[in-house]
Amino acid sequence: MSLADSKVVLSEQIAQMIIEEIKTGVLGPGDKLPSEKQLIEKYQVSRITVREALRTLKVMNIISIQQGKGAFVTSADISLLVDHMNFVSLLEQTTVANLFEARRILEPRIAALAAQRITDEEIADLRALLTQDNFDVVLHQKISECTKNPVLIRFVASIWTLSDLSRRRTRKMPGVKSKAYQQHERLIEALAAHDAELAERLMAEHLAFVESCYQTIADKAE
């Protein structure tokens with residue numbers, strides 16, 4: 001892949017290059033990635049682009065970022081993520097309607113499974129994540145991780161890029177962020193209570209709300 005490939009977001013091109021280094025053994029589990037400054041010089045891109053690439057890799061569970069220490073390759077089975085970014089590129093060529101359809105089918109069931117398997121530590125993590133500005137993005141990924149199912153975790157990580165694009169649009173609507181906060185707060189409590197049925201219903205309601213907001217924006221743009 002060339003950085004001149006305009007069909008793929010620059011940060012995702014860099015993320016793919018790092019993935020290739022991991023797949024080919026240049027980087028292995030536990031290895032530290034070059035510093036932000038080194039990555040900026042290596043790829044000749046901005047700090048924002050590098051940070052977005054690292055954020056993508058973190059969401060994909062390929063790296064962990066340790067405050068004050070840097071980014072490290074995780075011990076995750078990289079073979080499970082072969083052509084991961086190609087899948088993201090495919091998703092970007094689909095419609096948002098396709099995205100919401102896939103999420104409606106899978107994410108409520110993911111929430112139900114998470115409710116059955118979630119630990120006390122993970123519940124505490126979810127409550128802490130709710131205080132972050134981008135809580136919607138990270139919470140959905142964390143909930144998938146609570147299933148302990150690598151295929152479901154991979155699915156949610158794979159759609160993250162496209163999902164984030166729709167979130168950025170819907171969160172501009174008045175009241176959407178506060179409503180989403182309340183919905184996630186209730187969902188976390190259902191997960192904490194290990195109530196799979198309620199968690200599934202609340203996730204479905206949240207996705208229906210977000211899709212409705214997105215459709216409102218789309219209708220106004222026509």
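Trainee: Is Asp125 buried, partly exposed or exposed?

Mentor: The model before us is predicted. In this model, Asp125 is partly exposed, because its relative accessible area is 30%, which falls between the cut-offs of 20% and 50%.

Trainee: With which residue does Asp125 form a salt bridge?

Mentor: The general idea comes first. Side chains of opposite charge can pair when their charged atoms come close. In this structure, Asp125 forms a salt bridge with Lys142, and the closest N and O atoms are 3.6 Å apart. This pair links distant parts of the chain: Asp125 belongs to helix H6 (residues 120-129) and Lys142 to helix H7, 17 residues apart.

Trainee: What surrounds Lys142, and is Lys142 buried or exposed?

Mentor: Lys142 counts as buried, because its relative accessibility is 16%. Setting aside residues up to four places away in sequence, Lys142 touches Glu122, Asp125, Leu126 and Leu129. Helix H7, in which Lys142 lies, covers residues 135-145.

Trainee: Which residue pairs with Glu107 in a salt bridge, and how many residues apart are the two?

Mentor: Glu107 forms a salt bridge with Arg103, with 2.4 Å between the closest N and O atoms. The two residues are four apart in helix H5 (residues 96-117), so about one helical turn separates them. Both Glu107 and Arg103 are buried.

Trainee: Where do Glu52 and Arg55 lie?

Mentor: Both lie in helix H3 (residues 47-59), three residues apart, or about one turn of the helix. Glu52 and Arg55 form a salt bridge in which the closest N and O atoms are 3.8 Å apart. Glu52 is partly exposed, at a relative accessible area of 22%, and Arg55 is partly exposed, at 25%.

Trainee: How many salt bridges does a search of the whole structure find?

Mentor: The search finds 12 salt bridges. Salt bridges may also join into a network, as with Glu36, Arg47 and Arg51.

Trainee: How many residues of H1 are buried, and which residue follows the helix?

Mentor: In H1, 10 of the 14 residues are buried, so the helix is largely enclosed by the rest of the structure. Among the buried residues are Ile14, Ala15, Ile18 and Ile22, as well as Glu12 and Glu21. Gly25 follows H1, and its phi is positive, near 90°.

Terms used
Residues numbered from 1 in each chain as written. Predicted model: local features only at pLDDT ≥ 70, side-chain atom pairs only at ≥ 80, totals over all residues. Heavy atoms only, no water. Buried < 20%, exposed > 50% of the residue type's maximum accessible area, 1.4 Å probe, protein only. Contact = heavy atoms within 4.5 Å. Salt bridge = Lys/Arg side-chain N within 4 Å of Asp/Glu carboxyl O.
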